[in-house]
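Here are my notes on the two contacts I looked at in this model. Have the structure open while you go through them.

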Amino acid sequence: MSGWRIPGSRVIERQTIGNAKGANVDVYVAGVDIGSTMTKVVVHSGTILAAVIGPTGPEHRRTAYKVILEALEKAKISLEDLTYVVATGYGRLNVPFADKQMTEITCHARGVSSIFPNVRTAIDIGGQDSKGIKIDKGKVINFVMNDKCAAGTGRFLEVIAEALGVRVEEMGQLSLKAKSVPKISNTCTVFAEQEVISWLAMETKVEDILAGIHDAIATRVHGMAQRVKIEKEVVVTGGCAKNVGLVKALEGKIGYSVLVPPEPLLTGAIGAALIGEDIARQAIDKGTPVRRAERRLSEVTFFDEAASRGNRS
Amino acid sequence: MPVKKRVGLDRVQELYENRDMRAKELKAEGRTVMGYMCCLAPLEIMSAAGIVPIRILGNVKEPVTRADAHIETIACPYVRSCLDIALKGKYDFIDGLVVPHTCDNTYALYAIWSSGIVPITPKYHHYIDGPHMTFPTSVEYFDVELGRFKESLEEFTGNKITNQKLTNSIRLYNRNRALLRELYGLRKQGPPLLTGTEMTKILVACRVIPVEESNELLGEVIAEIKNRRAIPTPKTRLLVYGGEIDDTALIELIEESGANVVVDDHCLGVRSFWHDVQVDKNLIHSLGARYILNVACPRTYKQRERGYKEAMDNRFGYLMEFAKEYKVKGVILYIIRYCDTFELDAPGVREYFQKAGYPVLHIEDDYSVTTIGQLKTRVQAFLEMID
């Protein structure tokens, strides 16, 4: 399996991740964050040994297995070396080799706090949802979440990027060139797309429209996060945190600058790994064996697949 | 071979799954069955006229397919669900429809339902106007309104509602309330003797049978639960506050995530039964006072006294008392989308509890099982936050 990569995956160099400090014990733990769009794996032992990001796709049970194999290979350890695995994200229940499942809210808070210890508010804008998390001393004290509407999520950006014929990755930089910011009044993705098309018809510049779109998302996300009362320091995470235009628009609404982790996709997986490390350490300190779930690192098959194979043989 | 009659929780399960079963049996026996909505319908008067009142429940498992032609999609999803199943003929067995003015959505439901578009329009329908304030004049007004309702029922049934009949009826309902309070008492100890999921089923079962049968059933259930030996493991104790909860899906989701719902103030919960009706000289006035002053539904506004704090204590102090008495660790506000009645109060209630140190999870739902599943992450994160 050496040199083996899954298509579309990306190994994150350690120095770019930031200093996510955990307990200094000689245990290997992994955090697996299966988001709606991307799967993130972090292998940790005192410091991050490896981090891999791959697309989730429709078969996330299989993806989780492949991404963790890649991360283990990168960390140069085997699965048997792992003391504990915590799964998070919306696909957390589909990680058969995880010892524990935690929600991404708790894991994000832990991960963000490890990088920015003074964080009070984390705003996570992911592929299909966005959330505001109020944090006190690394613990969640309140949260708010939007998971029913594409507005204010990465999906919204994807739809608009397609309508404007630009790549999602370049939206942020492009929007910074805007001379004026048109008001996008619809926050419904479908209607906003129509609105964008009508702005195009009026020969509005693409960068201006992009700035308008970022402003619309920022307004929405800010309004939601304000329900937990945004306080300094504010950290923005999730795939959309990579969009510099959106982050700037959000700063405009909040009124001061926000922090973005070096790799904003990874905070959930980092948090999951650190929570796993806490559990392992508590057990070790007490001298009790670490309670594990029955581990099954095998490629998950789907019921219909297994059935059809059975029929053939 | 005679079919063995099911009793206690077994009977509860049967009634929970077949909600119109008993009403249809009674109708076949010649009884008059009427559907009613909300906590504001004076059931005592209906029973005193010899009517079997059953609560109109929606169905979170049934997708709304017919109602949209008659009511906007921004109307209360619970009301849309009720209308939808009525349009599908599932409430064709009711002889009458009684709707109090809880909110404008119930008014719309009443108007559409009684307009002749359901397969069988109820022979009798009555709308009760309920004042939204709690001034002495409000109760006075409601007394007159209840008098009008009483006369209308007498005319329809041909049965005179005597003072004696009304007294007996009030006593039966007060007995029912006492039994429910006793059952809630079994949830006070930690761990509770029954789960919130079981309680939800019991509350539904009690609303779809006559009050005498409900009293008998509750007696059996209490005896059965008191005899329980196996005490479940302690979990995070929660209070659930909100609108219509007539299905276990949400409570099950909460309890499967590692909590126990130990007290619930929703349309079928404490709001509907906690306070007795006083038996005294003017029974209609006792009823009016109980329904307007004691049913703590946000549709009735208890006017501000001396400032905001006192107004909040006035309106939600009872909820805080429940939280303390039942030793809850957190509060879930379950608000049905587009329910202005609850939505407008939600920020205030949230703050009221948070200031008192209770974590609050505010969830907004579409009154549908498919969307309840999406709440899982929120509920789990909330419990992780409390632990």
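Predicted model: local features only at pLDDT ≥ 70, side-chain atom pairs only at ≥ 80, totals over all residues.

1. Where the two domains touch, nine residues come from domain 1 of chain A and 13 residues from domain 2 of chain A.

2. Together, domain 1 and domain 2 of chain A bury about 860 Å², with 68% of it on carbon and sulfur atoms. On the domain 1 side, look for A:I105, A:H108 and A:A109: they supply 59% of the area this domain buries against domain 2, more than any other three residues.

3. Which helix gives the most to that side of domain 1 of chain A? Helix α2 (residues 104–115) does, with five residues. The residues on this side divide into two nonpolar, five polar and two charged.

4. As for links between the two domains of chain A, there are zero salt bridges, but two residue pairs are in polar contact.

5. Now for the chains. Chain B puts 18 residues into its contact with chain A, and chain A puts in 15 residues. About 1400 Å² is buried between them, and carbon and sulfur atoms give 46% of that. B:R378, B:E384 and B:M385 supply 41% of chain B's share, more than any other three residues.

6. Across this interface of chain B and chain A you'll find zero salt bridges and six residue pairs in polar contact. On chain B's side, α17(B) gives the most, with seven residues. The residues on that side are five nonpolar, six polar and seven charged.

How values were computed
Residues numbered from 1 in each chain as written. Chains lettered and ligands numbered in written order. Heavy atoms only, no water. Contact = heavy atoms within 4.5 Å. Buried area = accessible area lost by both parts, 1.4 Å probe. Salt bridge = Lys/Arg side-chain N within 4 Å of Asp/Glu carboxyl O. Polar contact = N/O pair within 3.5 Å; in protein donor to acceptor, adjacent residues only side chain to side chain. Helix = DSSP H or I, 4+ residues; strand = E, 2+ residues; numbered from the N terminus. Nonpolar A, V, L, I, M, F, W, Y, C, P; charged D, E, K, R; others polar.
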